[in-house]
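This report describes one protein chain, part by part. Please have the structure open while reading.

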Amino acid sequence: MLDKLKHHIAQNFPFLGNKKLLLATSGGLDSMVMAHLFHKLKYEVALVHCNFQLRGMESFGDQNFVQEYAEANEIPIFVTQFDTEAFAKDYKLSTQVAARDLRYNWFYELLETENYDYILTGHHADDNVETFLINLSRGTGLEGLVGIPEQNDKIIRPLLLFSREEIANYANEHDIQWREDSSNASDKYLRNKIRHDLVPLFKELNPQFLASFQKTQSFLQESQQMVEDASIMVYQQVASQDENEIRFDLNQLKKLPNYSSYLYQWLHEFGFLAWDDVYDLVDSQSGKQVFSPSFRLLKDRDFLILCPINAEIADQDFFIDRDTSEVNVPLNLSFCKVNDISLPSNTAIFVDQDKLGFPLVLRRWRQGDYFQPFGMEGKSKKVSKLFKDEKLSLVDKENVWILWSGETIVWVVGVRQDERFRIDDTTQNILKIQLE
């Protein structure tokens, strides 16, 4: 396996030779074998371990196990702990998606702050099959069937050519220790049901199933590349762009026999989800528009115009009157009077309406902004320091908006409420502000 990996890297990732690598190490079989292999190959590596605190003391057992391995083998290690369930609740994410977002955001921060070059993960061939079947069961386009990419920006998955069985055999032959994640035994998760029930059936029907599957995915990847090539050629006939926008010529677009497929191919990476609305723009009246979290698509006579929301509104102030019940730009916020309150969160706050000075103002955060964090009476804090404490990425910070009452911050939206507008014994009118 060592020689096979060495040849695979030489063929596909020769640039790794003199790079500093972060190895995502959970303590499980795959990541511990990966750590062993790259340590044996004398790469300059560090281990990175996320404790998601989802399995009680077992999570801390994993953390201690990886730390002890790193110390015994004199390998640098970075460890962090996340309150994953709270993050998932605040941002209305599944636990799995929350863990993934926290994990990769932290990995990219480490690349920048610790001067490493790439992140390596232990995904293998069985993971690829499981992901294919999950996407297939949920309904997907071609991009959902081509498998886990071997490289995605700074993330590299060097073990995709190996099966779980090969990795386990290597671990046993070389006395590599690992920890079993108890949640892997539960069929509560779709991936586990596929792993325990469906994939073994395929392997029973065809002992060469993994090899056949890899061949099929190779054909699918070639087909996907052909689609992308065709999409690029047609794009050059239909679209024009400058620094701030892309314009799609509708007269040219409508000549295509299946223009909706091209629109999807060009626009899905911009975060659009309401595809029926996107397709309807082609024949709608001028002025109609569809939004993704960061972009808008506007119908303007004979063109569809795509532009970043940030570029258009980044320097604007948005005013909110006393009788406003909701706003949709630049954020989706709702305002309603309530009689009862719950604890404030990242997505909803409760304030004393009589303490507010209208109109409220929404604007981007700026260097030098100060506020008084909820629960810290009399103590001020820089908003930039809050971002550092919350470990927000650069992209997250760029997308933060501040809700102001006069010269005083009411809410660092989606992050923290200000103390000065909290409910107290004298409050008569409670206003709930919700980030939708």
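The sections below go from the whole chain to selected elements and residues.

## Overall build

The model is predicted. The protein chain has 436 residues, of which 43% count as buried. Its secondary structure comprises 15 helices and 22 strands. Along the principal axes, the C-alpha trace spans about 70 × 60 × 40 Å.

Sequence separation can also be followed through the contacts. Among those between residues at least 6 apart in sequence, 65% join residues at least 24 apart.

Strand β2 covers residues 44-51, and seven of its eight residues are buried, so the strand is largely enclosed by the rest of the structure. Strand β1 (residues 20-24) pairs with β2 in the parallel sense over five bridges. Within this pairing, Lys20 stands opposite Glu44 in β2. Strand β3 (residues 77-81) also pairs with β2 in the parallel sense, over five bridges. Here Cys50 is set opposite Thr80 in β3.

β1, α2 and β2 form a right-handed β-α-β unit. A right-handed β-α-β unit is likewise made by β2, helix α3 (residues 57-72) and β3.

## Helix α7

Helix α7 runs over residues 164-173, and Ile167, Tyr170 and Ala171 are buried in it. Viewed down the axis of α7, the buried residues fall within an arc of 100°, so they line one face of the helix. An α-helix has 3.6 residues a turn, so residues three or four places apart point the same way.

The buried residues of α7 pack against α1 (2-12) and α2 (29-40). Helix α2 is also part of the β-α-β unit with β1 and β2. On the other side of α7, Glu165, Asn172 and Glu173 are exposed. Just after the helix, Asp175 has a positive phi of about 55°.

## The five-stranded antiparallel sheet

Five strands make an open sheet with antiparallel pairing, in the order β12-β16-β19-β20-β21. Its edge strands are β12 (318-320) and β21, each of which pairs on one side only. Strand β20 (residues 408-412) pairs with β21 in the antiparallel sense over two bridges. Val412 has Arg416 in β21 as its bridge partner.

## Arg363

Arg363 belongs to strand β16 (residues 360-364), a member of the open sheet. Is this arginine buried or exposed? Arg363 has a relative accessible area of 10% and is buried, because the cut-off for buried is under 20%.

Leaving out residues up to four places away in sequence, Arg363 touches Gln316, Asp317, Asp369, Trp401, Ile402 and Trp404. With Asp369, the side chain of Arg363 makes a polar contact of 3.1 Å. Arg363 and Phe319 are 44 residues apart in sequence, and their C-alpha atoms are 9.1 Å apart in space.

Glu419 is placed in the loop between β21 (416-417) and β22 (430-435). Its relative accessibility is 9%, so Glu419 counts as buried. The side chains of Glu419 and Arg422 are joined by a polar contact of 3.1 Å. Apart from neighbours within four places in sequence, Glu419 is in contact with Gln372, Pro373, Phe374, Gly375, Met376 and Glu377.

Thr347 is also a loop residue, lying between β14 (333-338) and β15 (348-352). With a relative accessible area of 12%, Thr347 is buried. Not counting residues up to four places away in sequence, Thr347 touches Asp90, Trp411, Ile433, Gln434 and Leu435.

## Cysteines

How many disulfides does a search of the whole structure find? The search finds zero. A disulfide is a covalent bond between the sulfur atoms of two cysteines.

Cys50 has a relative accessible area of 11% and is buried. Cys336 has a relative accessible area of 36% and is partly exposed.

Key
Residues numbered from 1 in each chain as written. Predicted model: local features only at pLDDT ≥ 70, side-chain atom pairs only at ≥ 80, totals over all residues. Heavy atoms only, no water. Helix = DSSP H or I, 4+ residues; strand = E, 2+ residues; numbered from the N terminus. Buried < 20%, exposed > 50% of the residue type's maximum accessible area, 1.4 Å probe, protein only. Polar contact = N/O pair within 3.5 Å; in protein donor to acceptor, adjacent residues only side chain to side chain. Contact = heavy atoms within 4.5 Å. Arc of directions from axis to C-beta. Pairing = 2+ DSSP bridges. Right-handed = clockwise from strand over helix to strand, strands pointing away. Disulfide = S-S within 2.5 Å.
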